[in-house]
Amino acid sequence: MNQRRPRRPAPRPPEGTPARSELAGMARSGLADAARVARWADSALGPGRGSATADGKATLSDATAAHAARELGLPVAKVRADWDTARLAGLVEVHGGTARPGWRLRAWNRDDSAVLRGWVALFDAWSLAHPEPAGHEPGAVAEVVSAMPQVLSFLQLSAGPVPVAQLLDLLEQRVTELRTERCEVPYGPRLEPGTPGAEPDPAPATDTALAPLLDWALHALAAVGALTCGDGQATLTPLGSWAVWVKLEQICVAAQSPAGNIEQSAEGMLRGCGRLRPNAARAEYRAWLAARPVGSAVAELLGAARGEDALLRGLAFEALRVVGAPAEPDVRGVLDEPTLRPYALLWLAEHDGADPEDAHEVLTRPEATWLWVDTAAAVADHGEAPLLVRHLESAVQATVPALLDEVRAVGHPRTVQVLVALAAAHPDPALAKAVRRAAFQVHTGGS
């Protein structure tokens, strides 16, 4: 008997949190310079009007930066900083050498949710918006970035100024925990500390090593409007406090995910979502993503997509649709991988605004055929025979003989298994015979 879970009541922000309209006003104010540059890019750049970048990687070319500085009456360095902020907040998007406004800019004056999402995107990217000073070990920087959510949570729960020295103690403890968690448990007996040949315990984080990095992190978060620093203390701004509360709520929701996939690897989570309905699966994706840094989550999803299970490949890209814009660079980065290319092209087409019903038009005929075989493999492995028969109707080829010819040509590694499964499932004896013959020809390399 199916029972509905009681719906969790909508959480309320802490007492004293400004209304969403006020928070959105704060975000608009903090991002006003970035929005100004984004609007300039909307009018001055784009197809036939100008190129935004010199390297295709979203860095403003010198000529474009100088052009913007002249028209906006700003120093070039200010233009570049505002441009980077606009990109991180999703106010402007760069595709190759072309810049275009992000959807948040279009909704900037009328949609408070779009504005707040833009600010939270910048908040999440604070370490990119203000890179660390030179001279620090990348590993130590990564540890501090990983530890800062706990520091911010402490600030949020404190609901007032906290001495930086106290935050440094907390950071030291968290970094030491991270180092301990990374240590592998050795096989075989473990020697006691101090015994010759024993592995040393993880080195504790030290104040002197972490103090300048904490100073960088606090000032970077202050620069994006999340907190204020002064007189040896740090205090979250109303926007910062609200954003940290939102993140904590996401983790609480994740911990209560209906299917319990929060602690699974990407592959385990996707397998758990394989038999869920689309809406329930998306809730699982959101819960799983909320508990992880976006960069590592995207990398893990793409790693699962590279495996042999075609179902996981499709589900991984569904989860990446939930990630949205932050996943775009990584998705573009797999376009040269034949196994992932059709999925990546569809993802990018939908991300660029194409109707999901029409997104397949970006695929070449061989790419569409390869995707058809890959999807058929997922159905054959995890679905039922009638689904595989219905999948035949989704092929782009007008006739079964044409489909079989092109399926053999694309060289998908699962072609034989798919054709055998289709032949076994199809009720038409003549068609099943033709499909079996095609499977045999692929298997033997004949024609």
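Student: Is Phe317 buried or exposed?

Tutor: Burial is read from relative accessible area: buried means under 20%, exposed over 50%, and partly exposed in between, with a 1.4 Å probe and protein chains only. Phe317 has 1% relative accessibility, so Phe317 counts as buried. The model is predicted: local features need pLDDT of at least 70, side-chain atom pairs count only at pLDDT 80 or more, and totals for chains, interfaces and linings use all residues. Residues are numbered from 1 along each chain as its sequence is written, and side-chain values use heavy atoms, leaving out hydrogens and water.

Student: How many aromatic pairs are there?

Tutor: A pair of aromatic rings is described by the distance of the centres and the angle of the planes. Here, rings of Phe, Tyr and Trp (its six-membered ring) pair if their centres lie within 6.5 Å; planes under 30 degrees apart count as stacked, over 60 as edge-to-face and the rest as tilted. By this rule there are three aromatic pairs. In one of them, the ring centres of Trp119 and Phe123 are 5.5 Å apart and the planes meet at 10°, so this pair is stacked.

Student: Where do Trp119 and Phe123 lie in helix 6?

Tutor: Helices (H or I, at least four residues) and strands (E, at least two) are DSSP runs, numbered from the N terminus. Trp119 and Phe123 are four residues apart in helix 6 (residues 112-124), and are therefore separated by about one helical turn. Both residues count as buried, Trp119 at 2% relative accessibility and Phe123 at 6%. Phe317 and Tyr343 are also stacked, because their ring centres are 5.6 Å apart and their planes at 25°. That pair links distant parts of the chain, 26 residues apart: Phe317 is in helix 15 (residues 310-323) and Tyr343 in helix 17 (residues 341-351). Tyr343 is buried, with a relative accessible area of 9%.

Student: How many disulfides are there?

Tutor: A disulfide is a covalent bond between the sulfur atoms of two cysteines. With the cut-off for the pair of sulfur atoms set at within 2.5 Å, the count is zero. Cys229 is partly exposed at 33% relative accessible area, whereas Cys273 is buried at 1%.

Student: How many bridges join strand 4 to strand 5?

Tutor: Two strands pair if DSSP finds at least two bridges between them. Strand 4 (residues 227-230) and strand 5 (residues 233-236) run antiparallel and are joined by four bridges. Thr228 has Thr235 in strand 5 as its bridge partner.

Student: Which residue takes a positive phi in the hairpin of strand 4 and strand 5?

Tutor: Most residues other than glycine have a negative phi, and most peptide bonds are trans. Asp231, in this hairpin with two residues between the strands, takes a positive phi near 55°. Asp231 is exposed, with 81% relative accessible area. Ala159 likewise has a positive phi near 55°; Ala159 lies in the loop between helix 8 (138-158) and strand 3 (162-163) and is exposed at 68%.

Student: What volume has the second largest pocket?

Tutor: On a 1 Å grid over the protein atoms alone, a cavity is a set of points where a 1.4 Å probe fits but cannot get out, and a pocket is an open set with protein on both sides within 12 Å along at least five of seven lines; lining residues have an atom within 4 Å of a point. Grid points are joined across faces, edges and corners, and a volume is the space filled by probe spheres set on the points. The second largest pocket has a volume of about 1,300 Å³. Of its 43 lining residues, Leu311, Gly314, Glu318, Thr375 and Val379 are the closest to its centre. Helix 15 and helix 17 are among the helices that each supply at least two residues of this lining.
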